[in-house]
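Here is a short briefing to read alongside the model. Keep the viewer open and follow the topics in turn.

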Amino acid sequence: KNIQKKNKYNTIIKMDELNILDSQLLNRIGNKAFNLLKLKEAGLAIPHFFVVPTDSICRGKNKKALAVSNLEINHELIKELVGATSEFTSEAVAIRSSFLVEDDISDSKAGHFFTWINVKTDAIAEQFKEYVNEIFIKYKRNYKGGIIVQKMIPGDISGVCFTIDPVTHDRNTIVIEFVQ
């Protein structure tokens, strides 16, 4: 049976408050968040995160605002962002997209959407507003899924592994790209 633990927030969905995901919840949190939770369930150490579903950001008058001006983020969501981010043990977070149109079985949109790193937790409200406006005003769409706010883990090396060659689509080639 698919169940979700009682969430202490009305909008934000915290990683540790999810038990087993159902398809309706996947539509609200997106593929990246879903895959992070699968990795966590497999026993991997995943930096703590929460998801803000896009359906809670872009509704009502905000749908009309997509093409013309800045989206307004409601006061309750801002309070939740500040509260949930204050629970992190780091001074910085990453803000990442987790839309249904990315990282699905048929296509990858790696690098297509923004990721903001080293966002100071004490500036989360303003930075989240800016991130949302850049995504939704630039693309003029309300993508289904969510926006991840994740504990920032500074790294010496960062990279990505493609299990299919992203250029030739050769399924027998693995490509690993990294920067140091």
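**The sheet and its surroundings**

S2 and S5 pair in the antiparallel sense over five bridges. This is a predicted model, and its secondary structure comes to four helices and seven strands. From the N terminus on, the elements run β-α-β-α-α-β-β-α-β-β-β.

**How the strands are arranged**

- Five strands make up an open sheet, ordered S1-S2-S5-S3-S4, with antiparallel pairing.
- Strand S1 (13-14) and S4 stand at the edges with a single partner strand each, so one side of each has no neighbour in the sheet.
- How enclosed is S5 by the rest of the structure? Six of its seven residues are buried, so S5 is largely enclosed.

**Isoleucine 95, a residue of S3**

- Isoleucine 95 has its place in strand S3 and stands opposite valine 149 in S5.
- Is isoleucine 95 buried or exposed? Its relative accessibility is 0%, so isoleucine 95 counts as buried.
- Setting aside neighbours within four places in sequence, isoleucine 95 is in contact with a list of residues including Phe114, Trp116, Ile124, Phe128, Tyr131 and Ile147.
- The C-alpha atoms of isoleucine 95 and glutamine 150 are separated by 6.5 Å, although the two residues are 55 apart along the chain.

- Helix H4 lies across S2, S3, S4 and S5, and runs at about 30° to S3.
- Does the span of H4 agree or disagree with its 16 residues? At 1.5 Å a residue H4 should span 22 Å, and its end C-alpha atoms are 22 Å apart, so the two agree.
- The buried residues of H4 include Ile124, Phe128, Tyr131, Val132, Ile135 and Phe136.
- Those buried residues of H4 pack against strand S2 (49-53), helix H3 (75-86), S3, S4 and strand S5 (145-151).

**Aromatic pairs**

- A pair of aromatic rings is described by the distance of the centres and the angle of the planes.
- How many aromatic pairs are there? With ring centres within 6.5 Å as the rule, the count comes to three.
- Phenylalanine 99 and phenylalanine 113 have ring centres 5.0 Å apart and planes at 80°, so this pair is edge-to-face.
- Phenylalanine 99 belongs to strand S3 (residues 92-99) and phenylalanine 113 to the loop between S3 and strand S4 (115-120), so the pair ties together parts 14 residues apart in sequence.
- Both phenylalanine 99 and phenylalanine 113 are buried.
- Tryptophan 116 and tyrosine 131 form another edge-to-face pair, with 5.4 Å centre to centre and 90° between the planes.
- Tryptophan 116 sits in strand S4 and tyrosine 131 in helix H4 (residues 124-139), so this pair ties together parts that are 15 residues apart in sequence.
- Tryptophan 116 and tyrosine 131 are both buried.

**Valine 160, a residue of S6**

- Valine 160 lies in strand S6 (residues 158-162).
- Its relative accessibility is 34%, so valine 160 counts as partly exposed.
- Apart from neighbours within four places in sequence, valine 160 is in contact with Val175, Ile176 and Glu177.

**The protein as a whole**

- Of the 180 residues of the protein, 41% count as buried.
- The protein exposes about 10,700 Å², and carbon and sulfur atoms supply 51% of that area.
- Among contacts with a separation of 6 or more, 66% come from residues 24 or more positions apart.

Key
Residues numbered from 1 in each chain as written. Predicted model: local features only at pLDDT ≥ 70, side-chain atom pairs only at ≥ 80, totals over all residues. Heavy atoms only, no water. Phe/Tyr/Trp six-rings, centres within 6.5 Å; stacked < 30°, edge-to-face > 60°. Helix = DSSP H or I, 4+ residues; strand = E, 2+ residues; numbered from the N terminus. Buried < 20%, exposed > 50% of the residue type's maximum accessible area, 1.4 Å probe, protein only. Expected span 1.5 Å × (residues − 1). Contact = heavy atoms within 4.5 Å. Pairing = 2+ DSSP bridges. Axes fitted to C-alpha atoms, helices over the stretch in contact; angles between N-to-C directions. Areas by Shrake-Rupley, 256 points an atom, 1.4 Å probe, with all protein chains shown as cover.
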